[in-house]
Amino acid sequence: MKYSILICHSFFLLLAFLCLCEVAFSRQTDQPDLPITIFGQIRTVEPSTEVNLEFWENPMNVQSGAPAPLTELIKLTDGTLHQGTYGSTVFNWTSDSISQPGRLTLSLGYKMLINDFLVFPGDSIQLYFDEYSGQLVFGGPAQSHFNLQNELQNLQNRLFFNSPVNIHTYRLESMLRNGNSYEDFQNIQKNNFGRKVNIEIIDPPLMLEELIGKIKSMKELDLMLSLLNENNEINPQVKNAIRNKLVDGRLTLYAKSLGTILRYSTKLQDSTTYSSALEFIENEFIPDLTSKGNEMESGDFHPYLTSISELLKITEGAYPSRNTVGHITGNFKDELRDQLLASTIFLEYRRGISTDNRLRDIASSINQGPAKEEVNRLLEKTKTGVPVRHFEFTGESGENISLDQLKGQYLFIYTYFDGCNASSSYYNKSIKPVAEYFSDSKDLRIVSVSADRTKNIWHSSLESKNYSDTNILNLYSKDKGVQHPFFSYYNLIGFPSQMLIDPQGNIAAVSGFNHTAEEIIRRLEDFMAPKDNPDHIIH
């Protein structure tokens, strides 16, 4: 997939795309395969700045563990800025053609310009942002639904900052100090700025009752849905997609809250509330959400796919012996069934626990449609025997190192970034013993790939010895962090992730190594065993 980024600093280009405002345009629903185009102007006093773009190409991508979005760091030139005077820079971005609504985020430093907006095939948008005044203006053919989403985002922010922060505790005394009462705590807050804080005693039955009431009434979305319904300027299909996104996002939060209540019930040994929560999820919540997609057309993604996936993850934890794939196959139909199976593949791939064979077994149960296409793209890139892409990294001495320079040995690659507790734990519990076990091996080389954004952070992580050591080949992603194409191409968005490359430079495995040191050693030895050994089996 190739995307074009064109950075411009000519004022004449700005005039050219402003003229596009006058061109009549309507989104052609019968011609869905169209690109997204963005023209932007940033007014600022800074001599240089960056715009960070994240683009999730289709709805399958927003699932937990799905492929990473395209991420671009657009370095703006000085444009009309001279010696710090007030001026502007201009940029232009065009996606590949898409057939489904995607998600777009644009940020300028700490300022979020566009936060997870829905974009539709053929959208063309002009963006003007004045960094000094904070003014953000949209223009162009897609102006109406961008303005609406911006209004919804501003309303959501106001509701968020006007709502209290709820802190749950098993004992109120543990949250109060110096003999203060809860009334003292509340009085202190009256003179404080920012969001208020509520301390709530954990009471699973009461929390479940209140949460079920919120789910059934959806009153927390009343203001936002009212603002949406009052808008008559945008296409009804576009409006419906925005509505589904709002509702799905809220339902996903509710699903996570149900998971929290289940954990609290387990901690307090409250089996009654635990059973009631599961009964509500499986007998009411999931069936109700499933029925909402009965009217969707062939090829569409279920409007509440994210929240249903989240609920299935919760029940998976509650029933450890349940066969998740068998449960999905037996309880869901048609495209929703296929989409949930695809979501399971992406999640298990991200976790790094399942082998390639298991992922392909699940994929064989998916019938057709965009979900199968997404899965096939992932599995084709990571198939055993496919030559690995020879992405370039930086070595500890500053030299450029490409993966094709390392042929002749098995390469066991793992990823991390400084500050990631899961990465540190994985190194100390798994990688470190594995590296010591294979320290004299001439057939295997262990390689770390850091996703840190600066060399200083990377060197600091190496000095800490919490993520790697001197007996490991340490590579750096050239200041690109997770935007390095190695991570995005192989969808290595979970940390830590792993990959095994054979001596010929082909992929041996890209999943199934997020285990204990003993299990990793056994699996690596299986791969490195002579292939003519009749007892050789790859687990």
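This is a predicted model: local features need pLDDT of at least 70, side-chain atom pairs count only at pLDDT 80 or more; totals for chains, interfaces and linings use all residues.
**Exercise 1. A strand residue with a positive phi**

Find out which element holds Asp116, and what its phi and relative accessible area are.

*Solution.* 
- Step 1: locate it. Asp116 belongs to strand S7 (residues 111–119).
- Step 2: read the torsion. The phi of Asp116 is near 60 degrees, again a positive value in a residue other than glycine.
- Step 3: look at accessibility. With a relative accessible area of 25%, Asp116 is partly exposed.

**Exercise 2. Cavities**

How many cavities of 30 Å³ or more are there, and what lines the largest cavity?

*Solution.* 
- Step 1: count. There are four cavities of 30 Å³ or more.
- Step 2: take the largest cavity, with a volume of about 140 Å³. Its lining has 13 residues, and those closest to its centre are Ser309, Lys313, Ser343, Thr344 and Leu347.
- Step 3: assign the lining to elements. Helix H8 (305–318), helix H9 (324–331) and helix H10 (334–351) each give two or more residues to the lining of the largest cavity. H10 has the largest share of that lining, with six residues.
- Step 4: The lining of the largest cavity splits into four nonpolar, five polar and four charged residues.
- Step 5: move to the second largest cavity, which holds about 60 Å³ of space. Its lining includes Tyr349, Arg350, Asn491, Leu492, Gln498 and Val510. By type, the lining of the second largest cavity has four nonpolar, six polar and one charged residue.

**Exercise 3. Aromatic rings and charges**

Describe the ring pair of Tyr170 and Tyr264, then find the charged ends that sit over the rings of Tyr489 and Phe513.

*Solution.* 
- Step 1: get the total. The structure holds 22 aromatic pairs.
- Step 2: read the geometry. The rings of Tyr170 and Tyr264 are 6.0 Å centre to centre, with 80 degrees between the planes, and the pair is edge-to-face.
- Step 3: Tyr170 lies in the loop between strand S10 (165–169) and helix H3 (182–189), while Tyr264 is in helix H6 (residues 236–267), so the pair ties together parts that are 94 residues apart in sequence.
- Step 4: Tyr170, at 37% relative accessibility, counts as partly exposed, whereas Tyr264, at 16%, counts as buried.
- Step 5: look for a cluster. Ring pairs link Phe391, Phe393, Phe417, Phe486, Phe487, Tyr489, Tyr490 and Phe495.
- Step 6: The charged end of Lys381 sits over the ring of Tyr489, 4.7 Å from its centre. The charged end of Arg523 sits over the ring of Phe513, 4.6 Å from its centre.

**Exercise 4. Val51 and the whole chain**

Where is Val51 found, and what share of the residues of the chain counts as buried?

*Solution.* 
- Step 1: Val51 is in strand S3 (residues 49–56), and at 0% relative accessibility Val51 counts as buried.
- Step 2: Val51 and Gly109 are 58 residues apart along the chain, yet their C-alpha atoms are separated by 7.2 Å.
- Step 3: zoom out. The chain has 16 helices and 18 strands, and 47% of its 539 residues count as buried.
- Step 4: finish with contacts. Among the contacts in the chain with a separation of 6 or more, 70% are between residues 24 or more positions apart.

Terms used
Residues are numbered from 1 along each chain as its sequence is written. Side-chain values use heavy atoms; hydrogens and water are left out. On a 1 Å grid over the protein atoms alone, a cavity is a set of points where a 1.4 Å probe fits but cannot get out, and a pocket is an open set with protein on both sides within 12 Å along at least five of seven lines; lining residues have an atom within 4 Å of a point. Grid points are joined across faces, edges and corners, and a volume is the space filled by probe spheres set on the points. Helices (H or I, at least four residues) and strands (E, at least two) are DSSP runs, numbered from the N terminus. Ala, Val, Leu, Ile, Met, Phe, Trp, Tyr, Cys and Pro count as nonpolar, Asp, Glu, Lys and Arg as charged, and the others, Gly among them, as polar. Rings of Phe, Tyr and Trp (its six-membered ring) pair if their centres lie within 6.5 Å; planes under 30 degrees apart count as stacked, over 60 as edge-to-face and the rest as tilted. Buried means under 20% relative accessible area, exposed over 50%, partly exposed in between (1.4 Å probe, protein chains only). A charge sits over a ring if NZ of Lys or CZ of Arg is within 6 Å of the ring centre and within 35 degrees of the ring normal. Contact means heavy atoms within 4.5 Å.
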